[in-house]
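Hello,

Here is the structure I promised to pass on. Please have a look at it first, and then read my notes below.

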Amino acid sequence: MAINPLVVLAGIGAAGPSGAELAWFAPTGTTAPTDALTALAVPATEVQTVTITGTPTGGTFTLTYDAQTTAAIAYNAVAGAVQSALIALSNIGTSDVVVTGGPGPGTAYVVTFGGTLGYTALAEMTGNAALLTGGTTPAVAVTTTTPGTAGFFSAGLVTEDGVAKEISNSSND
């Protein structure tokens, strides 16, 4: 099993008469669960969709994330170009975002956050279409299609001898 440095042991609680303890694993900084329902919450990565409307025929647009703005992005850029523009921001690392979809303006870009930005509710990016040309009132709209949530990655048992085991569908305690 590989170790994920972004995930830590978030809590331990009694699992039953066997003496084993139930352990929850979650992103760093996640508050330990206080009940079974919270412990079983599924994490989600934030997904935002960038749509260019108004059928521009030229020009550029920018995206702003957390007060930092990308360099100009061509109106008909492929997903990789949008991803590169976002990764060039100092607050987004190389493994923090994946962009699919495009090319614009006919197909929306789907921005999936991961890495250090994964499993967290993020501020929505904004788009600036001031330098898009042609078409009818070109605009850039950003919508959050999947909000990021911390949740808990997995639950497991830690026995009295310190051996960690994943929980299965078995009813054995």
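Strands in these notes are DSSP runs of E at least two residues long, and helices are runs of H or I of at least four, both numbered from the N terminus. Please keep in mind that this is a predicted model.

By that count the chain has 2 helices and 13 strands. Of its 173 residues, 33% are buried. Looking at contacts between residues at least 6 apart in sequence, 58% join residues at least 24 apart.

A word on confidence before the details. The mean pLDDT of the chain is 80, and 63% of the residues reach 70 or more. Residues 1-6 have pLDDT below 50, and this stretch has 7 contacts beyond near neighbours in sequence. Residues 162-173 also stay under 50, and there the model has 18 contacts beyond four places in sequence. Where pLDDT is low, the predicted coordinates should not be read in detail.

Now to the sheet. Four strands form an open, antiparallel sheet in the order β7-β8-β3-β11. The edges are taken by β7 and β11 (139-146), each with a single partner strand, so one side of each has no neighbour in the sheet. On average, neighbouring strands are turned by 25 degrees against each other, direction ignored. Within this sheet, β3 and β8 pair in the antiparallel sense over 4 bridges, and Gln48 stands opposite Val111 in β8. Helix α2 packs on the sheet, where it touches β7 and β8, and its direction makes about 155 degrees with that of β7.

Leaving out residues up to four places away in sequence, Thr49 touches Ala108, Tyr109, Ala141, Val142, Thr143 and Thr145.

Back to helix α2 (residues 79-87), where Ala79, Val82, Ala85 and Leu86 are buried. Seen down the axis of α2, these buried residues fall within an arc of 125 degrees, so they line one face of the helix. Their cover includes β4 (58-65), β6 (73-74), β7 (97-101) and β8 (109-113).

Some backbone details are also worth a look in your viewer. The loop between β7 and β8 holds Pro103, and the peptide bond from Gly102 to Pro103 is cis, with omega near -5 degrees. Pro105 lies in the loop between β7 and β8 as well, and the bond from Gly104 to Pro105 is cis, with omega near -5 degrees.

Then there is positive phi outside glycine. Asp66, in the loop between β4 and β5 (68-69), has phi near 50 degrees. Asp66 is exposed, with a relative accessible area of 53%. Tyr119 has a positive phi of about 55 degrees and sits in the loop between β8 and β9 (126-128). With a relative accessible area of 29%, Tyr119 is partly exposed.

Happy to go through any of this with you.

Best wishes

How values were computed
Residues are numbered from 1 along each chain as its sequence is written. This is a predicted model: local features need pLDDT of at least 70, side-chain atom pairs count only at pLDDT 80 or more; totals for chains, interfaces and linings use all residues. Side-chain values use heavy atoms; hydrogens and water are left out. Contact means heavy atoms within 4.5 Å. Buried means under 20% relative accessible area, exposed over 50%, partly exposed in between (1.4 Å probe, protein chains only). The arc is that of the directions from the helix axis to the C-beta atoms. Two strands pair if DSSP finds at least two bridges between them. Axes are lines fitted to C-alpha atoms, for helices over the stretch in contact, and angles run from 0 to 180 degrees between N-to-C directions. pLDDT is the predictor's confidence in each residue, from 0 to 100.
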